[in-house]
Amino acid sequence: MIRRNWKIELPLHFMLLPGLILVLLFCYGPMAGILIAFQNFIPVKGLFGSEWVGLDHFRYVYGLPETITVFRNTVVIASMKIVAGLIAPLITALLLNEIGKRLFKRTVQTVIYMPHFLSWVIMAGILLDVLSPTTGIVNAVLDWLGVTKVFFLGNADWFPYVLVGTDVLKEFGFGTIVYLAAITGINPALYEAAVLDGANRWKQTLHITLPGIVPIIILLLTLGLGNVLNAGFDQVFNLYSPSVYSTGDILDTYVYRIGLGNGQYGVATAVGLFKSVISFALISISYFLAYRLANYRIF
Amino acid sequence: MVVKKWKQLALVMLVLALVTVTACSKDNNGEKASNSPSDSPSANASASSSSTTAKQTVPDGPTGKYDPPIELTTVRSVNAGVKFQAGDSLDSNVWTKDFESVLGIKVINKWKVSDQQYQNKMAVTMASGDLPDFMLVDAQQFQILVQAGTIADLTDVYAKYASELTKKSIEEGGGLRLKASTVNGKIMGIPADGGGRDDAHSIYIRTDWLKNVGLEPPKTMDDVIKIATAFTKNDPDKNGKNDTYGLSLDMSLFNGWSGLEGFFNGYHAYPFNPTKGTGTNLNFVKGADGKAAWADVQPEVKTALGKLQELFKAGAIYPEFSVIDGIKSGELVTSNKVGMAFGAFWVPTWPINNMKKDLPGSDWGIYPIVSADDKPVMAQSTGGLPSKYYVVSKESKHPEAPFILLNRYVDKLFSNFDQAYHSVDADGVNYAFHMYPPINGSFAEKNQDAAYAVQDAINSKDPSKLDTEQKQYYDQVEKYRAGDLSLWAAEKLWAPGGSFDVIGQYKKENRIFQSVFTGNPTPTMVAKGPSLRDEEVRTFTSIIMGAKPLDYFDEWVTKWMDSGGKDILDEVNSSGQIQ
Amino acid sequence: MVQHNAWGRKLFIALNYSLLAAMSLVCLLPLINVLAVSFSSAAAIEGGKVTLWPVEFTTRAYTFVASKKEFLTSMGISVQRVLLGVVVNMLLTILTAYPLSKEITQLRFRTGYAWIFVFTMLFSGGLIPTYMVVREFGLIDSLWSLVLPGAVPIFNVILMLNFFRNLPKELSESAFIDGAGHWQTLWRIIVPLSMPSIATVTLFTIVGHWNEWFQGLIYMNDPIHYPLASYLQTIVVKLDMTQLNDPTALRFLSELNDRALRAAQIFLGMVPVLCVYPFLQRYFMSGIVLGSVKE
């Protein structure tokens with residue numbers, strides 16, 4: 001219908017201009033700083049006066065025992081978050097879908113969505129209290145049930161699961177709404193046909209609802225792939241302590257500590273760059289996977 | 001149609017232009033505000049050199065006035081609790097006015113943040129190369145700046161511009177502070193703290209609990225452990241519940257509050273590496289071979305850790321100590337849950353300052369630390385070396401100006417004392433003017449001397465020999481004794497039986513341990529200190545909690561040696577700064 | 001059989017209701033805890049007696065907050081930041097998303113443009129270089145430093161462009177036949193049709209700006225310029241006593257350690273967001289759904 005025509009097309013380019021300029025200035029401008037990863041950066045000498053060290057920082061990082069730990073932690077925590085962040089909202093959405101009372105349904109939705117809006121600074125303050133082994137509510141319940149108390153935030157074995165659990169608690173409401181919307185989009189005629197065939201609610205769920213939202217499940221999974229190295233700086237930073245570094249320290253917190261805390265800018269930038277490159281590869285893969293599997297163009 | 005389209009395009013462009021323009025105009029204003037301080041001295045200088053050279057006067061020694069006035073930039077950390085009277089701020093107060101009118105120095109604060117944010121903000125400032133004329137940095141940042149060559153050599157200006165009193169405050173006690181500020185024979189910074197030994201630990205024990213469990217103040221480490229166990233198991237608060245702990249501890253491990261220094265010292269071990277510290281302020285002992293060895297890996301440390309493990313197992317230590325900070329461990333103590341803690345002289349001022357008032361019947365005793373055997377106990381102090389320095393940017397046009405400020409400061413507070421520059425109490429609020437200036441100095445033994453003087457005055461009932469500040473303390477003690485329980489801390493600091501009384505005993509008997517290494521953090525310490533520190537914290541914590549067996553200590557020692565420890569020891573031993 | 005099924009169904013429904021109610025409760029507990037602490041006396045809090053209900057009820061903390069200059073100023077700054085941020089972000093989101101929602105046949109270099117934007121989600125120069133750029137533009141210590149570096153929220157752009165893409169093509173085509181250009185189509189047809197998703201994205205933007213704390217700490221030169229989230233971070237953060245040896249400094253700090261006060265400020269900091277979102281929530285169902293779901 002609309003053919004390529006500069007005159008018609010030009011406004012589109014104009015619309016992109018402001019965004020492009022700002023992105024070039026504030027995102028691509030600082031990217032020159034990536035050069036620091038290859039330098040022995042000395043602030044007064046600046047980006048172009050500092051000594052070039054090639055891949056020294058990368059070799060140094062590669063030789064550090066922490067690197068492998070941190071990398072493994074990041075992948076493990078992020079992957080668990082992606083999976084748990086898919087299943088919990090899915091189940092909740094299916095359960096909510098069975099609720100008849102609109103008011104109840106809406107109230108539950110509103111309430112479970114709420115933690116999504118609290119920042120991790122605030123959540124952490126609250127969690128420190130709630131999860132305390134001596135005064136916390138959670139352990140009081142465990143104790144009452146006859147289970148041994150658990151030192152959630154100080155026990156390296158538990159810490160990653162606590163991260164996943166609290167992340168799910170904060171975000172599952174958000175995911176629920178996405179799934180609910182998808183369920184609403186399923187053609188009602190399918191259900192009517194099933195009822196005629198004598199299928200009960202459970203069978204309907206199994207054979208109509210679930211297959212109906214498979215595309216979005218696949219979509220969210222592939223999108224999650226790009227986040228495999230994002231284990232959540234804000235959350236970990238506000239919850240961790242040295243006794244759980246072995247399982248809880250992630251790339252972002254590590255970069256922050258060695259960069260700002262220890263003044264090793266070159267090393268910090270090198271780790272950051274390494275992370276970006278991998279993320280870039282993953283995002284590209286997920287882009288093509290989503291296109292292939294779900295026939296969906298992310299952008 | 002076309003017109004309409006262009007109208008809309010124009011509108012959107014206008015809005016965006018506005019955004020950019022306001023941003024840019026802000027930009028210009030901002031630039032002016034933030035850059036003029038560093039620019040104008042040069043502008044002044046060049047202006048004066050071209051036209052009015054004769055008129056420009058600068059101080060020719062420790063005193064004098066800049067005319068026309070100069071601007072001097074710095075950055076500030078604000079203790080969030082410091083209060084200002086109406087109209088006052090960090091930018092404008094009795095001190096800034098004095099500096100401007102008397103010295104001709106207008107101090108400009110390029111930024112201000114709270115104490116906790118200072119280190120990060122400083123790191124960003126350093127990395128972005130936007131240094132003010134002078135600033136306060138920690139020991140690690142000092143080292144980085146020296147290596148980067150961004151800060152000025154102060155050797156000559158120190159000799160010429162620092163007043164006698166300033167020099168005395170910096171050099172007193174053998175000049176250890178000045179030595180630490182000197183790199184390759186050049187004075188690179190002004191030490192901002194250090195010189196003191198007041199951080200040596202005492203034992204703080206609930207005296208009412210002691211009575212309830214029928215025990216005496218400790219004479220040996222075994223007594224300490226007995227008390228801790230009794231405080232845990234014998235219901236010291238008589239509430240019929242098993243809800244108390246014997247020994248206060250938190251994630252810091254080493255700290256002026258709830259730290260373990262005093263406990264380790266009892267076993268003649270002197271480790272020091274706080275969880276939140278820089279990882280570069282380490283203790284070294286002389287080994288059998290005459291060389292410096294790291295205090296934290298000595299076998300005595302293992303012995304003490306074993307005792308702590310037993311205490312933890314017995315329930316005498318809060319089970320989640322490794323995730324609580326000093327605030328939280330303080331709360332546990334004030335909520336009547338913990339009855340003993342090791343700590344520095346200031347513990348009476350925080351966190352236990354209000355307990356006697358808020359919890360009727362409770363009281364604390366302060367006791368010297370004790371030995372595990374018949375060898376006399378030494379209390380470790382890490383306060384001798386500075387942990388912070390004032391440094392001057394190489395770009396600064398007036399590297400001497402900070403000394404002129406410092407001279408004025410010590411003169412007003414330590415020579416010609418002027419209450420109007422120290423503090424005022426109004427409407428029940430204490431306005432601590434002496435915390436306003438951007439640079440300050442002190443005399444390490446000031447508090448100790450005050451305590452001796454106050455104790456003498458109390459014993460002789462004659463306060464006439466006290467100076468203004470000491471008289472304040474004396475009055476506070478008297479008020480407490482007359483029944484004002486809110487001044488309990490004054491009694492426990494200054495009066496006989498107070499924390500300075502205990503520390504004074506260590507000092508008199510020469511029972512203070514200090515690291516044999518007096519130099520600055522070595523390159524490997526700066527590079528690997530923090531990650532080695534984390535490993536150490538992890539090791540100590542897991543051993544105390546019983547998650548790792550005591551013998552894991554030896555494994556960690558080997559690991560430490562291999563992952564940088566050996567380099568650190570080599571650097572320390574070849575530094576030539578071993579006492 | 002039918003009887004049994006109906007019974008099972010009833011049981012399921014009962015369980016379902018209780019389970020969902022329990023879930024909601026878990027999400028509410030933390031909030032209630034904060035609220036309870038903020039209304040309790042210091043002694044009760046220190047004694048660890050407060051869980052879900054105020055102990056020794058007092059409004060002391062709130063009266064104190066009401067007179068606390070730092071809190072009120074930072075709240076004002078947060079409001080300004082949200083207003084400015086939402087205007088800038090939404091304008092740019094819409095302007096960027098619309099062209100990108102077109103096919104390559106309608107917009108040359110579309111893929112190139114898209115990757116330019118997406119690339120910034122993955123690669124960044126890091127904290128220090130970004131700081132230096134912000135400083136070069138003279139934005140340090142101004143509200144703009146909190147808005148311009150993140151002026152184009154790529155994630156939201158992607159959400160919007162997907163929504164635009166799924167609007168019926170016929171609408172814009174008929175507009176073009178009537179002689180309208182892209183500007184008119186965008187403002188007259190696309191934007192009004194996209195109100196649900198715009199409302200959703202606006203909410204994300206509001207919340208994002210309201211909760212962001214890190215930039216404030218880095219870019220502001222004076223605590224009185226902190227937005228609320230940064231200010232809250234400084235009061236929630238742990239104080240480090242290791243390096244303090246000055247009794248006066250310590251006394252001042254200990255006076256600040258008031259949990260009820262902290263709780264009250266945290267709670268008040270959440271209120272605006274809690275107030276806004278139920279109103280915008282009704283748009284979510286239609287807004288969030290990445291259009292795609294419906295094919």
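**Reading the chains and their contacts**

Reply: Chain A holds 14 helices and two strands, where helices (H or I, at least four residues) and strands (E, at least two) are DSSP runs numbered from the N terminus. This is a predicted model, in which local features need pLDDT of at least 70 and side-chain atom pairs count only at pLDDT 80 or more, while totals for chains, interfaces and linings use all residues. Residues are numbered from 1 along each chain as its sequence is written, and chains are lettered from A and ligands numbered from 1 in the order in which they are written.

Me: How is the radius of gyration of chain A to be read against the globule rule?

Reply: The radius is taken over C-alpha atoms, and the globule rule is 2.2 Å times the number of residues to the power 0.38. For the 299 residues of chain A the rule gives 19 Å, but the radius of gyration is 24 Å, well over that value, so chain A is more spread out than a compact globule. Along the principal axes, the C-alpha atoms of chain A fill a box of roughly 75 × 70 × 30 Å.

Me: What percentage of the residues in chain A is buried?

Reply: A residue is buried if 20 or more other C-beta atoms, placed from the backbone, lie within 10 Å of its own, exposed if 12 or fewer, and partly exposed in between. In chain A, 44% of the 299 residues are buried. Just after α9(A), Gly198(A) takes a positive phi of about 85 degrees.

Me: What are the corresponding values for chain B?

Reply: Chain B has 21 helices and 16 strands, and buried residues make up 52% of its 579 residues.

Me: How should I read the packing of α5(A) against α8(A)?

Reply: Two packed helices are described by the angle between their axes and the distance between the axes. Here, axes are lines fitted to C-alpha atoms, for helices over the stretch in contact, and angles run from 0 to 180 degrees between N-to-C directions. The axes of α5 (residues 102–113) and α8 (residues 159–184) of chain A come within 7 Å and cross at roughly 135 degrees. Angles under 35 degrees count as roughly parallel, over 145 as roughly antiparallel, 65 to 115 as roughly perpendicular and the rest as oblique; α5(A) and α8(A) are therefore oblique to each other.

Me: Which residues of α5(A) and α8(A) meet?

Reply: Residues are in contact if their C-beta atoms, placed from the backbone, lie within 7 Å. Gln109(A), Ile112(A) and Tyr113(A) of α5(A) meet Phe172(A), Gly173(A), Phe174(A), Thr176(A) and Ile177(A) of α8(A).

Me: At what angle do α2(B) and α14(B) cross?

Reply: The axes of α2 (residues 94–103) and α14 (residues 401–415) of chain B cross at roughly 115 degrees and come within 11 Å. These two helices are therefore roughly perpendicular to each other. Phe99(B), Val102(B) and Leu103(B) of α2(B) make the contact with Ile404(B), Leu405(B) and Arg408(B) of α14(B).

Me: How many residues does each chain give to the contact of chain C with chain A?

Reply: Chain C contributes 73 residues and chain A contributes 64. Helix α1 (residues 2–38) of chain C supplies the largest share of the side of chain C, 13 residues.

Me: And how many residues does each chain give to the contact of chain A with chain B?

Reply: That contact takes 26 residues from chain A and 26 from chain B. On the side of chain A, α1 (6–28), α12 (245–248) and α13 (251–261) each supply at least two residues.

How values were computed:
Two residues are in contact if their C-beta atoms, placed from the backbone, lie within 7 Å.
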